[in-house]
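Welcome! Please take a moment to look over the structure shown here, and then we can walk through some of its features together.

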Amino acid sequence: MIYQRSCRQALLSLPLLGSFLFFPSAHAMQPMADEEMSAAVAQDGVSVRLELLINAKADGSPMDGTGDEQIDCSSATDPCRFAMEFAGRDDKWLVFKGYSGILRINDIRLDAQAELGTVGSNAAYFNVAKFQGLGGACLLPGGCTVANLNVSPALRVSYPDTTPGFVTGANPAAQVSSGFTSLEIGIALDGIAVEFGNESVGPLANANNPFLGLNVGDVASATAPSKIAIGGNALIFGF
Amino acid sequence: MDFSLLFKRLPVLLAVAVVSSPAYAMVAMEEEEMSDVSGAGIAIALDDFSFSMAPTSYIELTGTATALPQWRRGDARYYGLTLSGGQTGAATGLTFARTGACNQNVSISCPIGAQGSKNFAPVYDPYVLRAFEYDGYNFQGTFLTGANRPTVLELIGPSNMDNWRWSFWGEIEVDRGGANQALLQSQTIINGRNATVDGKPTILRIFRTQDTPAASTLGIAYQSALSGDFRFSVAQTAASPNAREMVPFFNQNEGVRFGNVDAFLPIGRLHSQAITLDTSGTSGNFEVRLTPIPNIASVYNDIYCGAATCATTTVTGLDTTNSLQAITSPNAQTRGYIRWGDFSNPANYTAATNGIRFVSPSNVSTHIGVARLEGVLIQSLTLTTQGAGP
């Protein structure tokens with residue numbers, strides 16, 4: 001899901017982009033004037049939200065076969081697994097049982113930083129060698145100086161500021177973390193086990209006990225994903 | 001480079017790329033094209049950076065019950081992984097619970113910085129990903145220079161940056177649900193930076209090994225650099241719940257502390273030693289190997305001394321009846337070290353914030369001085385998987 005911080009411009013440009021994607025052969029490309037482009041595209045940056053679910057419901061909990069779900073991770077046959085067989089180890093499987101996961105990246109922002117100097121706070125860190133090529137030649141257009149770097153542009157990736165907080169409670173479920181909204185990661189892996197048999201038997205077998213499991217979550221509930229706050233800017237520039 | 005124009009046109013460029021991408025097949029590059037390396041790269045600066053997992057969020061490794069009487073189930077959880085600013089002073093530090101006392105004037109008392117790390121990777125010394133070329137001996141002892149130099153893809157970290165603070169609190173639990181159930185909660189804090197005190201950065205290099213053409217393979221060289229203060233503590237305050245999954249209030253002083261740690265570990269040397277991956281035997285095993293230093297004088301002299309010949313000096317220790325030959329001028333680029341404390345001035349060996357010490361909850365310090373490992377250079381290391389079956 002992609003939306004723009006400048007909603008007015010987003011609404012104008014998204015249908016146009018959609019028509020490019022769906023009817024590539026029906027319309028010849030038309031050149032745009034600079035003025036048109038500067039008025040219609042994402043000059044204010046874009047905001048991206050990404051969600052990835054594996055064997056999981058929208059809240060991050062494992063699929064349980066209810067509603068429209070086709071699989072039930074808790075069933076005896078446990079379809080939520082994958083298995084690995086290494087070369088030369090025929091019919092010996094490392095089986096990852098009962099896995100599900102959720103990854104949500106909320107509101108990551110892509111924007112332009114017009115001048116690096118507005119975020120650069122300590123010129124004493126200037127390391128000229130980082131911007132020199134083979135033989136020591138300067139690769140920064142305009143010269144390898146702090147002053148030139150200060151007026152150079154960059155791509156900026158950032159998260160909106162949040163104020164993380166925490167409220168104590170009498171039990172784990174009553175403890176509440178708030179403001180950790182940049183990133184949510186939930187992983188459940190009931191266990192890893194070694195199983196034997198051909199490819200139609202080994203990966204589905206439950207003959208041996210698992211020896212290690214992995215969970216990434218939050219004490220708020222057994223299926224709540226972990227919550228993470230990210231702050232600051234990543235500035236990416238080429239030279 | 002005018003990025004503003006690029007951003008204005010980005011959606012149009014993306015649309016064009018999506019529509020027209022089937023028209024262009026991938027074209028292999030010629031060796032001559034690849035050798036046209038200028039050293040230009042992509043720079044990534046991280047400004048005011050912080051990463052905070054909620055104090056109630058965790059990564060858990062779960063064990064399993066066992067029938068063996070001498071074994072117990074074990075579980076481990078790591079909560080609240082946080083990378084934040086390493087500043088000290090008023091309004092700079094927080095506890096995991098965001099309330100409660102910690103000494104904000106001490107770098108490793110508060111686990112969480114109230115601000116981000118302003119210059120985590122400064123715009124003036126950013127991470128740089130680039131293709132580069134370096135002089136060096138190959139595995140056969142030929143010195144590669146000029147046009148013969150192989151191209152290396154490298155990611156170089158900053159040489160100088162603000163300190164950051166890395167922390168988490170942990171739970172180790174034994175025999176969950178059993179008669180011998182026990183729990184230990186702890187916190188770990190590092191206030192430092194990923195460069196050495198003298199400014200050697202962290203570097204990852206990927207390249208094609210310069211062996212015979214038939215045996216060339218993927219080579220990796222890594223230079224690890226870390227410096228700062230470390231603390232591991234377990235004492236909690238009287239108000240702390242001290243129960244599983246409950247965010248603890250840790251004492252602000254207690255713990256084992258390492259002050260002014262400085263660690264440098266270079267692994268691999270261009271172009272005569274590299275980490276390689278290979279198969280082992282014919283039954284599916286594989287090996288990860290730091291290749292042995294070639295037994296060629298020009299190569300090992302370069303690695304040990306940074307010169308074609310190695311001058312040595314007779315060194316006599318406290319026991320004057322014995323002496324040995326030591327390299328006069330070791331190669332600082334290949335000589336790793338780990339120093340637990342600042343060795344620059346003997347008068348500071350037991351200074352309050354230097355070296356290794358144990359601190360009580362009431363802030364009584366037992367100082368055991370400074371320690372160091374010098375001259376760490378791995379000649380060869382091979383990790384081979386061995387299947388238990390045929």
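In which loop does Arg98(B) lie? Arg98(B) is in the loop between β4 and β5 (112-113) of chain B. Keep in mind as you read that this is a predicted model.

## How confident is the prediction?

Let us begin with chain A. Its average pLDDT is 83, and 82% of the residues score at least 70. Residues 1-26 of chain A are another matter: pLDDT stays under 50 there, and the model has 27 contacts beyond four places in sequence for this stretch. Where pLDDT is low, the predicted coordinates should not be read in detail.

## Where the two chains meet

The contact between the chains takes 74 residues from chain A and 62 residues from chain B. On the side of chain A that touches chain B, several elements each supply at least two residues, among them α1 (7-22), β4 (92-113) and β10 (226-238). The element that gives the most is β10(A), with 13 residues. Sorted by class, this side of chain A has 45 nonpolar, 24 polar and 5 charged residues.

Which residues of chain B does Tyr125(A) contact? Leaving aside neighbours within four places in sequence, Tyr125(A) is in contact with Asn119(B), Pro122(B), Tyr124(B), Asp125(B), Asn160(B) and Met161(B). Tyr125(A) lies in the loop between β4 and α3 of chain A. It counts as buried because 20 other C-beta atoms lie within 10 Å. Asp190(A), 65 residues apart from Tyr125(A) in sequence, is 47 Å apart from it in space, C-alpha to C-alpha.

## The nonpolar cores

In soluble globular proteins, nonpolar side chains tend to be buried together. In this model, the largest nonpolar core has 62 residues, and those with the most contacts inside it are Ile228(A), Leu235(A) and Val123(B). Not counting residues up to four places away in sequence, Leu235(A) touches residues of chain A, including Gln113(A), Leu116(A) and Ala154(A), and residues of chain B, including Ala45(B), Asp47(B) and Val123(B). Apart from this core lies another, of 15 residues, among them Phe166(A), Phe96(B), Cys102(B) and Val247(B).

## Strands and a hairpin in chain B

Chain B has 3 helices and 24 strands. Of its 390 residues, 37% count as buried. Among contacts in chain B between residues at least 6 apart in sequence, 65% join residues at least 24 apart.

One strand to follow is β21 (residues 355-359) of chain B, which runs antiparallel to strand β15 (residues 255-267) of chain B and is joined to it by 5 bridges. β21(B) also pairs with strand β22 (residues 365-367) of chain B in the antiparallel sense, over 3 bridges. Arg357(B) takes part in both pairings: it is the bridge partner of Arg257(B), and it stands opposite His367(B) in β22(B). β21(B) and β22(B) form a hairpin with 5 residues between them, and Asn363(B) in the turn has a positive phi of about 70 degrees.

## A helix with one buried side

Which residues of helix α3 (residues 297-305) of chain B are buried? They are Val299(B), Asp302(B) and Ile303(B). These residues cover an arc of only 95 degrees around the axis, so they sit on the same side of α3(B). What covers them includes β8 (136-137) of chain B.

Most residues other than glycine have a negative phi, and most peptide bonds are trans. Arg98(B) is not a glycine, yet it has a positive phi of about 65 degrees. With 19 other C-beta atoms within 10 Å, Arg98(B) is partly exposed. Ala91(B), also not a glycine, has a positive phi of about 60 degrees. Ala91(B) is found in the loop between β3 (74-85) and β4 (93-94) of chain B, and it counts as exposed because it has 9 C-beta neighbours inside 10 Å.

Finally, look at the peptide bond from Leu270(B) to His271(B), which is cis, with omega near 0 degrees. His271(B) belongs to the loop between β15 and β16 (275-280) of chain B.

Definitions and conventions: Residues numbered from 1 in each chain as written. Chains lettered and ligands numbered in written order. Predicted model: local features only at pLDDT ≥ 70, side-chain atom pairs only at ≥ 80, totals over all residues. Core = buried A, V, L, I, M, F, W, Y, C linked by C-beta atoms within 7 Å. Buried ≥ 20, exposed ≤ 12 C-beta atoms within 10 Å, placed from the backbone. Contact = placed C-beta atoms within 7 Å. Pairing = 2+ DSSP bridges. Helix = DSSP H or I, 4+ residues; strand = E, 2+ residues; numbered from the N terminus. Nonpolar A, V, L, I, M, F, W, Y, C, P; charged D, E, K, R; others polar. pLDDT = per-residue confidence, 0-100. Arc of directions from axis to C-beta.
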